[in-house]
Amino acid sequence: MQTTLKIGTRGSLLALAQAHETRARLVAAHGLPEAAFEIVVITTSGDRIQDRPLSEAGGKGLFTKEIEEALLDGRIDIAVHSSKDMPTALPDGLELSAFLPREDAREAFISRKAARIADLPAGAKVGSSSLRRQALIRRMRPDLDVVLFRGNVQTRLRKLDEGVADGTILALAGLKRLGLEHLVTDLMSLEAFPPAPGQGAICIESRIGDQQTGALLAPIHDVPTGQALACERAFLAALDGSCRTPIAGYATVDGERLVFSGLILTPDGTDICEVAREGLAADAALIGAEAGADVRARAGAEFFEGWS
């Protein structure tokens, strides 16, 4: 039979696991064979650039640019992404059309030398490429040496084994999707180590106006996850969020109610500005935008100086 849908994805094991989860949900929802959904691997600039922080190389869009080009020119029909990798502004003609049910959004500490980040000796190296994680680590343990740690999950775990760092922070959701949850040394609480907006959620991008694809995706879309992410992404957008800004934000939906908490930090972790909001889940984007505007106003322009 002819391919019904081409699913674009990065080629890392985690990205492929997310694409296969999407395909499995589509197969179950429509009673179609796996052959009806072809997974197309696309290498992105973010995969190729490993020698410097994303904030210096171009930001989150490095993980999506080539995939979105394939989507726009028709080589693929949908793109599967980690929501936390998605810029708030999408290319003209594209939209986030579905979200899969969110996985656990907590962060995991992994170390061969300490049970908790609090147990690491002064001067120990903790590896991370995320400015948010770096700032939170410095806020929690200013005596630690935070070092750049780029690469996929397997690469970072290998670097730990090689002694490049004494510990690292990874998303629990990714570890669970890879069957590596057993490697977690300690789970960080959402309060002590809040996640990136979108963390733990798989999103699906498609062409605006593609009704056939929209009909295929509708049964696998998780409404509460979509509402939570609308809030978190609006918070990011109000703060011009990118890989250049240490921002955390997390929304939960219970029935018709949404609860959101967010914060921004200076890169050294010394200054912080927090916000909390709740309201109707139907107003998710408005709640996130208002929370972002509130934080920006209270923090003041000087808070953001030098972030870029």
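**Figure 1. Buried residues of helix 9 in the predicted model.** In this predicted model, the residues of helix 9 that are buried are Thr-225, Gly-226, Ala-228, Leu-229, Cys-231, Glu-232, Arg-233, Ala-234, Phe-235 and Leu-236. The helix itself covers residues 223-238, 16 residues in total. From its first C-alpha to its last, helix 9 reaches 23 Å, close to the 22 Å expected at 1.5 Å a residue. After helix 9 comes Asp-240, which has a positive phi, near 55°.

**Figure 2. Contact of helix 9 with helix 10.** The crossing of helix 9 and helix 10 is right-handed. On the helix 9 side, the residues that meet helix 10 are Gln-227, Ala-230, Cys-231, Ala-234, Phe-235 and Ala-238. Their counterparts in helix 10 are Ala-284, Ala-285, Ile-287, Gly-288, Ala-289, Ala-291, Gly-292, Ala-293, Val-295 and Arg-296. By residue class, this contact of helix 9 with helix 10 comprises 12 nonpolar, 3 polar and 1 charged. Cys-231, Ala-234 and Phe-235 are among the buried residues of helix 9 and are also among those that meet helix 10.

Figure 3. With a relative accessible area of 31%, Arg-296 is partly exposed. Not counting residues up to four places away in sequence, Arg-296 touches Ala-238, Leu-239, Asp-240 and Phe-304. Of these, Asp-240 is the residue with positive phi that follows helix 9. Arg-296 and Ala-238 are 58 residues apart along the chain, and their C-alpha atoms are separated by 8.0 Å. Glu-290 is also found in helix 10. Its relative accessible area is 43%, so Glu-290 is partly exposed. Between the C-alpha atoms of Glu-290 and Glu-191, which are 99 residues apart along the chain, the separation is 21 Å.

Figure 4. Leu-90 counts as partly exposed because its relative accessibility is 23%. Apart from neighbours within four places in sequence, the contacts of Leu-90 are Glu-68, Glu-95, Leu-96, Glu-205 and Arg-233. Arg-233 is one of the buried residues of helix 9. Leu-90 and Ala-234 are 144 residues apart in sequence, with 13 Å between them in space, C-alpha to C-alpha.

**Figure 5. Leu-5 in strand 1.** Strand 1 (residues 5-9) contains Leu-5. At 1% relative accessibility, this residue counts as buried, because buried means under 20% relative accessible area. With neighbours within four places in sequence left aside, Leu-5 is in contact with Leu-26, Ala-36, Phe-37, Glu-38, Asp-77, Ile-78, Thr-213 and Leu-216. Leu-5 and Ser-130 are 125 residues apart in sequence, and their C-alpha to C-alpha distance is 33 Å.

Definitions and conventions:
Residues numbered from 1 in each chain as written. Predicted model: local features only at pLDDT ≥ 70, side-chain atom pairs only at ≥ 80, totals over all residues. Heavy atoms only, no water. Helix = DSSP H or I, 4+ residues; strand = E, 2+ residues; numbered from the N terminus. Expected span 1.5 Å × (residues − 1). Buried < 20%, exposed > 50% of the residue type's maximum accessible area, 1.4 Å probe, protein only. Left-handed = near helix turned anticlockwise from the far one by under 90°. Contact = heavy atoms within 4.5 Å. Nonpolar A, V, L, I, M, F, W, Y, C, P; charged D, E, K, R; others polar.
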